[in-house]
Amino acid sequence: MAMSEILVTGGCGYIGSHCVLCLLDGGFDAVILDDFSTGRRSVGETLASADSKGRLAEIAEGSLLDPESIDRVFENRRIDAVIHLAGSSQVAESVSDPGKYYRNNVAGTVNLLESMRNHGIGRIVFSSSAAVYGEPKYVPIDENHPLEPMNPYGKSKLMVERILEDYGRAYGIRSVCLRYFNAAGADPEGRSGECHEPETHLIPSIIRSLLDGNRGFSIFGADYGTRDGTCVRDYVDVGDLAEAHLLALRYLEENGKSDRFNLGTSSGSTVREVLAACERITGKKIRAEIRDRRPGDPAALIADNRKAKEILGWEPKRTLEDSVRTAYAWEMRRRGLTSSP
Ligand SMILES: NC(=O)c1ccc[n+]([C@@H]2O[C@H](COP(=O)([O-])OP(=O)(O)OC[C@H]3O[C@@H](n4cnc5c(N)ncnc54)[C@H](O)[C@@H]3O)[C@@H](O)[C@H]2O)c1
């Protein structure tokens, strides 16, 4: 790929930092725009220190809500394309504070697109979500599944997808929307990993409950019509997700089209299966208790990933156990622990 520099918005967050590592490993230069609202400064410091090949990411601290800070990034560099991950992503918070989601995710993206337009940048890879589909009408979910998001978070992602279509038609900005299912795992070299506050994602929640004195982990609903009664989700390793962004950049460079792709493994795991994987990797029995179902939790969310495989040439390679192993190692390291708890 004949590219010079890629802007990664939200590059100090969980998935963004792995995209930056993947870009650097792939020989790209990367500049990160991040406001550190949920991104981690320690990860930023790691990304900004040269690796063995001498590559490093440049950090431009600023917000998508401040058009001038976006313009400054484009003005001083030769940026070819944007990977846009910055945004707010807590589903429950989006219900209690929808304004934050429409402002940060939707208005922030419009600011970014306007700045791209003004600086003649015509390619963007956008972090969308399986949340755009809403309650599944069938699984595995393909890209033609109806789009009926059930919360402001999912609606904000769908709005951005629609806005990208309009910017494509009107101004020729081409986009790839990547609809991630459940991101999991961490960098095998320990340079980054997941750390949301509050942490609502299953694998880090289980690991934290174990490392916090095995305080007990809640399984919300064990009476679903699934193979063991607990919810099924499609856990896709963050390293595999990161690789898909490079393939999406190549797709945009080689094709005159925009498109959207599911990113999942196409094989779901139940909560009990994830718990069992965590017990195998940690060698500990993890305390778990069954609680009531949570409203709005579908029984199963599984991606049909054939389109990403066929068109992008993407192949998820890491297993659930790989994700649990790296996530556990990351959390241990974050706590300054080196041996078993
Ligand atoms: N984690 C998942 O499983 C998952 C699934 C589907 C979609 N996504 C989407 O992927 C993206 C990344 O998710 P994540 O889990 O890495 O989240 P994250 O919170 O770890 O990362 C988001 C990053 O964006 C930055 N940011 C937020 N608002 C900003 C703003 N206005 N200006 C500049 N920077 C800003 C944050 O500081 C953070 O570094 C999000 O858009 C999310 O909606 C995540």
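The model is predicted, with local features requiring pLDDT of at least 70 and side-chain atom pairs pLDDT 80 or more, whereas totals for chains, interfaces and linings use all residues. Residues are numbered from 1 along each chain as its sequence is written.

H1 (residues 14–25) packs against H8 (residues 238–254) at an angle of about 60 degrees, and their axes lie 8 Å apart. Axes are lines fitted to C-alpha atoms, for helices over the stretch in contact, and angles run from 0 to 180 degrees between N-to-C directions. Residues of H1 including Tyr 14, His 18 and Leu 21 meet residues of H8, among them Val 238, Leu 241 and His 245; contact requires C-beta atoms, placed from the backbone, within 7 Å.

The chain comprises eleven helices and 14 strands, taken as DSSP runs (helices, H or I, at least four residues; strands, E, at least two) and numbered from the N terminus. S9 (residues 232–233) pairs with S14 in the parallel sense over two bridges, pairing being assigned where DSSP finds at least two bridges. Val 232 has Ala 300 in S14 as its bridge partner.

Along its principal axes, the C-alpha trace of the chain spans about 55 × 45 × 40 Å.

Key:
Two residues are in contact if their C-beta atoms, placed from the backbone, lie within 7 Å.
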